[in-house]
Amino acid sequence: IVASGSEFRITTIETYYTYNSDSSGDEEPWAYNAEKKFTQSIIAVTKAEAPICGITVNHGEALSNEAGRAEYSELLSVIRNAGYEIQFLDLSKDDIPENCRLILTFDPQTDFISKKNSPSGVAETSKLDRFLGKAYSFMIFVDADSPELPNLERFLQDWGVRTLYSEDTNGNRFRYMVQNASQSLTSDGYTIYGEAAAAGHAGELVSGLNRRAVFKNATALRASDGYTAQTDGSYTKENRTLYGLYGSGANAVAWANGRPVDAARSMLMTLTEQTNSGGGKSFVGVCASVDFASES
């Protein structure tokens, strides 16, 4: 029991574990998360102001409507269970709330406004830059069906993450789709198992996550030009370090416009860490599969 004044929360020992059903239907605990649950109870009873996760909704994102929020409800539950209050933001006109600590862009269909194409002087990428100068975080989900988003992709390149395209003789560009027939849930090879990082700080970040992570319809992520490869698998440029948390595997092939175009390994989930002038840390995370977060 966690109590403060007249407020209280009662939990049982089962609350502090995550369960996994086996083939017989019995549930076995496989993860321990008591610290998070205790923190949630303490915040609830003391009415501490919860940090805000701002979810962008002005670019046709999947979470901009009720159908999308139902389909990806587990993702929203993860955010809430981490102690965040969710607010939906239109960065073209809304100010970022003072207590916002995380901004999430999920499956955007139109580009962000930059300084160069802002008729009103509102630059969404500049808002993100100022936000990330305060030791906060930004995360984005895209996939092989995402349209080309030049301004947002230039922003991500500055943070070390490059999305890849193949161009035909007419100048048409096609986003990469990653296939790995030897590590796939489906016969077409496009619903693949991501390989978790094993070395360096990236390996520490995913240590203990021994369940397979599934990336469907994934696009390819690579380190941006100007980022230097390190011996531990990370990439650095000035005060930023890029970590590949999950990769496509040795037998993966990238396809574009109906043909194989690249057999090099790709990253499927990345995290870029920035050390700010005051010593704080900011983070940008990119996931190369929207379906990674779906109910299925």
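This is a predicted model: local features need pLDDT of at least 70, side-chain atom pairs count only at pLDDT 80 or more; totals for chains, interfaces and linings use all residues.

Me: Is Arg-175 buried or exposed?

Reply: Arg-175 has a relative accessibility of 10%, so it counts as buried.

Me: Which residue does the side chain of Arg-175 meet in a salt bridge?

Reply: A salt bridge brings a side-chain nitrogen of Lys or Arg within 4 Å of a carboxyl oxygen of Asp or Glu. Here the partner of Arg-175 is Glu-153, with 3.0 Å from N to O. The two come from distant parts of the chain, since Glu-153 belongs to helix α5 and Arg-175 to strand β11, 22 residues apart. Glu-153 is buried as well, with a relative accessible area of 10%.

Me: How many salt bridges does a search of the whole structure find?

Reply: The search finds six salt bridges. One of them joins Arg-173 and Glu-148 at 2.8 Å, N to O. This pair, too, links distant parts of the chain: Arg-173 is in strand β11, and Glu-148 is in the loop between β8 and α5, 25 residues apart. Arg-173 is partly exposed at 39% relative accessible area, and Glu-148 is partly exposed at 36%. In another salt bridge, Lys-281 meets Glu-273 at 3.5 Å, N to O. Lys-281 is partly exposed, with a relative accessible area of 34%, whereas Glu-273 is buried, with 16%.

Me: Over the face of which ring does Arg-173 lie?

Reply: Arg-173 lies over the face of Tyr-165, 4.4 Å from the ring centre. A further case is Arg-69, which lies over the face of Phe-88 at 3.8 Å from the ring centre.

Me: Which residues of helix α5 are buried?

Reply: In α5, which spans residues 150-158, the buried residues are Asn-151, Leu-152, Glu-153, Phe-155 and Leu-156. When a helix has buried residues, one may look for the elements that cover them. For α5 the cover includes α4, β8, β9, β10, β11 and β22. After the helix comes Gly-160, whose phi is positive, near 95°.

Me: How should I read a pair of aromatic rings?

Reply: Such a pair is described by the distance of the centres and the angle of the planes. The whole structure holds eight aromatic pairs. In one of them, the rings of Phe-138 and Phe-155 have centres 6.0 Å apart and planes at 85°, so the pair is edge-to-face. Phe-138 lies in strand β8 and Phe-155 in helix α5, so this pair ties together parts that are 17 residues apart in sequence. Both Phe-138 and Phe-155 are buried.
Phe-215 and Tyr-246 form a tilted pair, with 5.7 Å from centre to centre and 50° between the planes. Because Phe-215 is in strand β14 and Tyr-246 in strand β18, the pair ties together parts 31 residues apart in sequence. Phe-215 is buried at 0% relative accessible area, and Tyr-246 is buried at 8%.

Me: Which residues do ring pairs link into a cluster?

Reply: The cluster consists of Tyr-72, Phe-106 and Phe-141.

Me: How many residues does the largest nonpolar core have?

Reply: A nonpolar core is read as a set of buried residues joined through their side chains. The largest one here has 35 residues, and those with the most contacts inside it include Phe-106, Phe-215, Tyr-246 and Leu-104. Among the elements that give two or more residues to this core are β7, β14 and β18. Apart from this core lies another, of 26 residues, among them Phe-131 and Phe-138.

Me: What does Leu-104 touch beyond its neighbours within four places in sequence?

Reply: The contacts of Leu-104 include Cys-53, Ile-55, Leu-63, Leu-75, Met-139 and Phe-141.

Me: Why is β7 described as largely enclosed by the rest of the structure?

Reply: Six of its seven residues are buried, so β7 is largely enclosed. β5 and β7 run parallel and are joined by four bridges, and in β7 Ile-103 is the bridge partner of Gly-54. β7 also pairs with β8 in the parallel sense, over five bridges. There Ile-103 stands opposite Phe-138 in β8.

Key. Residues are numbered from 1 along each chain as its sequence is written. Side-chain values use heavy atoms; hydrogens and water are left out. Buried means under 20% relative accessible area, exposed over 50%, partly exposed in between (1.4 Å probe, protein chains only). Contact means heavy atoms within 4.5 Å. A nonpolar core is a set of buried Ala, Val, Leu, Ile, Met, Phe, Trp, Tyr and Cys residues joined through side-chain atoms within 4.5 Å. Rings of Phe, Tyr and Trp (its six-membered ring) pair if their centres lie within 6.5 Å; planes under 30 degrees apart count as stacked, over 60 as edge-to-face and the rest as tilted. A charge sits over a ring if NZ of Lys or CZ of Arg is within 6 Å of the ring centre and within 35 degrees of the ring normal. Two strands pair if DSSP finds at least two bridges between them.
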